[in-house]
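This report describes one protein model, section by section. Please consult the sequence and the coordinates alongside the text.

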Amino acid sequence: GTNEEAVAGDPGAGSRDRLDRAAHTSGLPADMGEMYQEMLKNLSGVDVNRDGFGVPTETCAKASPLGPIAAETTGEDALPGTAGEEKEKEEEKEEAQEIELDVAATKTGDQRCSLLEKHVRDLENQFRKSEEEGVEFDEASFVSLFEGYAKLGDDRRTTNWFRIMCEKNVRPDSHSYDILLAAEINRLRRSPDPLRSIKLNRRAMRILGSMMKRDIKPSKSFFDHIIAALAHHHQAFELAKIWLYKMKSKSPDVHPDVKTYNILIAARVKRGHIREADQFLRMMKKEGLQPNEESFATLILKPSYLKDDPRTIRLFNQMKKNHLQPDVRIYNRVIAAHLNRIKSSKHPERIDSVVGIFEQMLQENIIPDKDSFATLINAYAYVGEFDRANQWLDAMKRANLTPDCSTYTVLIKSCTMRAKKKMGAKAISQAEEYFEDMLIQGIKPDADAYSTMMHMSSHFGDVDGAHRWFKKMVEAKVVPHTAAYRILIAAHTNRGKENGDEKEIEEA
């Protein structure tokens, strides 16, 4: 919105018109037609399946999951009909093959585990036999036995065999101590003892002391293991910081790196201590370490209850400045942050900021997912551009992404907004169409969707209509929540006050 057209009038008019002219035949909303087509051209050798992995287009060009949008690039128009049926059959076949592969992989994993267990049991029997015969057990077999139990997840036997190994004067190395520490962590993690983190710290100190006595340098993974274990216990976080300082006091090859700091950042974010997490990010930079994608992703993709949209946008910009590539999850969170800013500031013209982030995502060849489209639909519905919201709903379907119940609920709620602008009959009709479309798509409406329809009826004084939607909700075996009852109570109360009817008040 920085060109002459935008300055002259609507702040977003220039950028929208520029893309409108380039996208009349794309089948997409005008905003992104040109960019989306360019993205599809760049993906000409790759098709994207439901899990987001690339597969050669040669095998699935006839049933492109992007439907009519991909017609110009794949040479096929996957409209409903024969091609659609072939696509469904092919998908069913692929799903069956995936299930077979999963079953095979599980069987293979079980077989490997049973083979390892057999090998470890044989080694243990050999040890017992050598003890009876007075023959020394070789070091390699000791290490195999000790590591074997660790791989099997038998922490008690792992610890016991480490002790036996030391009693037999078999010298452990730093890797053996890493395994021992991991076994201790796993054993104490399952313990109900409230002081388990204190005990773990004490045992880790003993293990470190044992290493010093044998003149064995602890590895970096040793410190990372104990820091990760303590950091996720809220009351033991200060102990984790002490181990961090221990790392810094050791030789440079075990100094904290990006992975170490990411462990601490993730632990603080999980507990909701965002400021402390930011401090570790700054500490990382101060020590000359460059935060990676995981560092920023952890801070941006924080739990939803920790809403801080300006900070999310700032971190995203910092990530881009550091030439790091955000993934689709990060883009979705940033788009949502921009939408929240629009809602809080009540400036509809800022819709261009949401579209701008979506445009960036397409420029970087990142495939939008269901959440990307849903947020964009939500943005247009919120500012009252319902036709454009409908266009993006159609584009979402053509991209082989099925809208979920929350997406339709947002659109139905937007009809309520339209109803407040004295377009009642049309708004109710549109809302019912959305609800019907949801059922056609095979999506089960939730209590929020039914309550929204009830609110639409109640808004126009149609108390019977609100009751009809309530009855439909109960018949669909959807448990009504408090909002549904509040709507009915308010509807009867208002009608009772208007008509002076005591029966309506009693009904409420």
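## A partly exposed glutamate and its partner

Glu276 is partly exposed, its relative accessible area being 23%; here buried means under 20% relative accessible area, exposed over 50%, and partly exposed in between, with a 1.4 Å probe and protein chains only. Glu276 forms a salt bridge with Arg268, and the closest N and O atoms are 3.3 Å apart. A salt bridge is taken as a side-chain nitrogen of Lys or Arg within 4 Å of a carboxyl oxygen of Asp or Glu. Arg268, by contrast, is buried, at a relative accessible area of 2%.

## Basis and confidence of the model

The model is predicted: local features require pLDDT of at least 70, side-chain atom pairs count only at pLDDT 80 or more, and totals for chains, interfaces and linings use all residues. Residues are numbered from 1 along each chain as its sequence is written, and side-chain values use heavy atoms, with hydrogens and water left out.

The mean pLDDT of the protein is 75, and 75% of its residues reach 70 or more; pLDDT is the predictor's confidence in each residue, from 0 to 100. Over residues 1-28 the pLDDT stays under 50, and the model has 44 contacts beyond four places in sequence for this stretch, a contact being heavy atoms within 4.5 Å. Residues 101-109 also have pLDDT below 50, and beyond near neighbours in sequence this stretch has 0 contacts in the model. Where pLDDT is low, the predicted coordinates should not be read in detail.

## Overall architecture

The protein has 25 helices and 2 strands. These elements are DSSP runs numbered from the N terminus, with helices (H or I) of at least four residues and strands (E) of at least two. Of the 508 residues in the protein, 43% are buried. Among contacts between residues at least 6 apart in sequence, 58% join residues at least 24 apart.

## Packing of H11 and H13

Two packed helices are described by the angle between their axes and the distance between the axes. Helix H11 (residues 237-249) packs with helix H13 (residues 274-286) at an angle of about 5 degrees, the axes being 14 Å apart. H11 is therefore roughly parallel to H13. The contact is made by Phe237, Lys241, Leu244 and Lys248 of H11 together with Glu276, Phe280 and Met283 of H13. By class, this contact has 4 nonpolar, no polar and 3 charged residues.

For these terms, axes are lines fitted to C-alpha atoms, for helices over the stretch in contact, and angles run from 0 to 180 degrees between N-to-C directions. Angles under 35 degrees count as roughly parallel, over 145 as roughly antiparallel, 65 to 115 as roughly perpendicular and the rest as oblique. Ala, Val, Leu, Ile, Met, Phe, Trp, Tyr, Cys and Pro count as nonpolar, Asp, Glu, Lys and Arg as charged, and the others, Gly among them, as polar.

## Covered positions

In helix H14 (residues 293-300), 6 of the 8 residues are buried, and the helix is mostly covered. The buried residues are Ser295, Phe296, Ala297, Thr298, Leu299 and Ile300. Their cover includes helix H12 (258-271), H13, helix H15 (309-321) and helix H16 (328-345).

Leu393 is found in helix H19 (residues 386-398) and is buried, at 3% relative accessibility. Apart from neighbours within four places in sequence, Leu393 is in contact with Ile377, Pro403, Tyr408, Leu411 and Tyr434. The C-alpha atoms of Leu393 and Phe373 are separated by 7.6 Å, although these residues are 20 residues apart along the chain. Ser451, in helix H22 (residues 447-459), is buried at a relative accessible area of 4%. Beyond neighbours within four places in sequence, Ser451 is in contact with His481, Ala484 and Ile487.

## Further salt bridges

A search of the whole structure finds 18 salt bridges. One of them joins Arg157 and Asp154, with the closest N and O atoms 2.8 Å apart; Arg157 is partly exposed, at 25% relative accessibility. Another joins Glu385 and Arg388, with the closest N and O atoms 3.2 Å apart. Glu385 is partly exposed at 24% relative accessibility, whereas Arg388 is buried at 15% relative accessible area. Salt bridges that share partners also join Glu117, Arg121, Glu124 and Arg128 into one network.

## Backbone at two loop positions

Most residues other than glycine have a negative phi. Asn169 has a positive phi of about 60 degrees although it is not a glycine; Asn169 is in the loop between helix H7 (155-167) and helix H8 (174-189) and is exposed, at a relative accessible area of 69%. His323, likewise not a glycine, has a positive phi near 60 degrees. His323 lies in the loop between H15 and H16 and is exposed, at a relative accessible area of 74%.
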